[in-house]
Amino acid sequence: MGIISRRLIAFWSSLQLTVCLLIAMGVLVFFMTLYQVETGIYVANQRYFGQAFIWWQSPWGDIPVFLGGGVLGGLLVVNLLVAHITRFKWTKAKIGLWLTHAGLLTLLIGSGLSAIQTIESQMVIQEGQTVSYSEQLRTTELAIETPLSPTQNRQWSIPEALLKPGQVLRPPQLPFELTVTHWYQNTRLEMNATVGQGLPKATHGLGQHITVFPMPPILRDDFRNQSAVLVTLTQGKQSLGTWLLSTGLGAPQSIVLNGVTYSLSLRPQRVYHPYRIRLDEFSHSYYTDTNTPKHFASEVTVIEPDGHTHRATISMNHPLRMGGNAHFQASFGQDGKSTVLQVVSNPGWWVPYVSTAIMTIGLLIHFGISLMRYRRQHP
Amino acid sequence: MIMTGCQSPRITVSDVPIDAPIALTKPQTTASWKGTPPSNWIPKPAGAFLLARFDIPIQTDRMDASVSMLSGGAGGLLGNVNRWRGQLGLAPLTTPPPTESILLNGAAYQLVVIRHTPHSMAVYMHQKGDNTWFFKVVGPSRQLTTAQRAMETYIKGGQWE
C-alpha cells in the first residue's frame, strides 16, 4: 500500500476527523437555531440541511461558506465505516461497540433517507365534507382536469419545477400544448389596476382584468407566497390565448375544446390517497380568557377503498395512522367548523426507534463487559 | 428509496375522485343583497370577483366602491386586512387590527379602516348565512369620510333576500 493510500485511510478513519465533524455539526445546528427564529423550522432546515453547502448571498454572487448538514452526516458515515474496516477488530469483547456503531450508522443513513422520502401535506376538511387528497403547501402544480364521470376527473399535474419561462409542455393525451411565458414565485394581484400597464397580461380568462405585480419571495414558515404563471395554449399552430393562473385565484378557469371542458388552475401540489376522510364534527375549546387552544379534536369517518367505513377521533397528540400516513390534528378554520390535519408520510419512521434500541443494547453490552473485566481484575 | 426520492419532475396523468361536500350537519345557506346606488354613482364593469362596482365622484376625485361576497370566513380578518394593506402598498400585520362594529339598517357590520397616503380604504364586512359580504370604498384619502357616509347610505337603503 502506498504512502498516499495509507495517509488517506489514516485521515478518513481518524478520531480527530470524527471530533471535527461533530463540532462542525454543532456549529451548524447553532447557526440554524438562530436562523430559524426569523424564518421557521422548514426554511432553516432547507437552508442548513437540504443543500450540499451553506450559501452566502454576496454582492458578487452566491458563495459557499460551510458544508451542509447532509454532507457532514455523509462524511460521518464514511468516517465511521472506514474506521471500522481498518482499525476495529471483530472480537467478542468489542461486540457492544460494534452494535453501538451499527445503531449510529442506521440512525445517520436512515435520517438521510427519511429527509428525502418524507412528504408532509395538509388536509383541510369542512364539517360534512369528504376529502381524498391533501396539499403540499410549499410546492405548487399546474393542474388540468376534465370530467370522466360524475364521480371522477382525469387530471394532469405539471409540477412547479417545470414551470420555467420558455418551457413548452406537451401533456400526453391532451389536445393542446402549453408554453410558459412568465413564472412568478410571489406576486400581488390587482384587479383593474391603473398602474403597471406595461406588465404582461392574459388575453383570456379571469386574468384579462388582473395585473400581476411581481414581489420578492418571502421565506417564512407562516407565510404562503402567492405564485402565478402565464401560459399560452396552442392547438396545432393555432393560439388559444394566454392565461393567468395563480394560487391567489380561488376557482379554476375553463376552456372548451371539441365539446370537452378542461379546467386549469395553479394550486398547492396535491397528494391523493386511496381512502377518503369525512369530517363529522369538529370541537375545540380555549384556555379561559385567552385565544390559546386548549383542546381540539376531529370526529371523522374513514371510507376505505372497498367502501368499508370506520369512525375515528383525531386530537392533539393522538394522530390517526392509516395507509402509511399519520394524520395529526394541526389546526382548524377560523369559523370553527373545519379542521386542518397534517398528513405525514415517512417510510423511515421506524429508523429512530430501531437504531436507538440497537445503540442501547450495544452500550449495555459494552459497559457490562467492561464491568465484568474490572471485577475480574479487582476481585 | 434514494432513486424515488431524487426523481426528476415530470407530468403525471391520473384519474381522481371528485370530492363533493356532503351536507350532514347543517344545510348551506345563501343570501343575496339588493341595493340601489345613488344616482351620482357611475357603474363600472364588475370583473370576475365583484358583484357590483361603481365610481363615486366627490369634488374632483373619484372613489372606487365595490360589493363582493366570499363563502365561509373568506380567509379570516387578518388575511383580508393584509390583502387590502397590500393593495395600498402597506406591509402585512401579524395580528388582526382593531375593528369597529356598527349597525346599519338593523344588521351588524364589522368596519375596517386602513389609512395611508395617497389612498385609504374602508371595508364593511357582514356575515350572512355561510357567506361573508364586503362593501368597500377605496380612493384618495381626503375623500374617505365622505365616501364612507355614501357607502353607509347605500347599505342602509339595500335589502337582504
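Strands S4(A) and S5(A) form a hairpin with 2 residues between them; strands are DSSP E runs of at least two residues, helices H or I runs of at least four, both numbered from the N terminus. The model is predicted: local features need pLDDT of at least 70 and side-chain atom pairs count only at pLDDT 80 or more, while totals for chains, interfaces and linings use all residues. Residues are numbered from 1 along each chain as its sequence is written, chains are lettered from A and ligands numbered from 1 in the order in which they are written, and side-chain values use heavy atoms, leaving out hydrogens and water.

**Strand pairing in chain A** (at least two DSSP bridges between two strands)

- S4(A) (residues 130–149) pairs with S5(A) (residues 152–159) in the antiparallel sense over 8 bridges, and A:Glu145 stands opposite A:Gln155.
- S4(A) also pairs in the antiparallel sense with S13(A) (residues 260–286), over 12 bridges; there A:Ser134 has A:Val271 as its bridge partner.

**Nonpolar cores** (sets of buried Ala, Val, Leu, Ile, Met, Phe, Trp, Tyr and Cys residues joined through side-chain atoms within 4.5 Å; buried means under 20% relative accessible area with a 1.4 Å probe, protein chains only)

- The largest nonpolar core has 25 residues, of which B:Trp41, B:Tyr109, B:Tyr124, B:Phe135, B:Val137 and B:Met151 touch the most other members.
- Elements of chain B giving two or more residues to this core include strands S4 (50–58) and S9 (131–140) and helix H3 (144–156); H3(B) supplies the largest share, 6 residues.
- Beyond its neighbours within four places in sequence, B:Met151 is in contact (heavy atoms within 4.5 Å) with residues including B:Trp41, B:Ala65, B:Tyr124 and B:Phe135.
- Another core, of 24 residues, lies apart from the largest one and includes A:Trp156, A:Leu163, A:Val180 and A:Leu245.

Note on methods:
Buried < 20%, exposed > 50% of the residue type's maximum accessible area, 1.4 Å probe, protein only.
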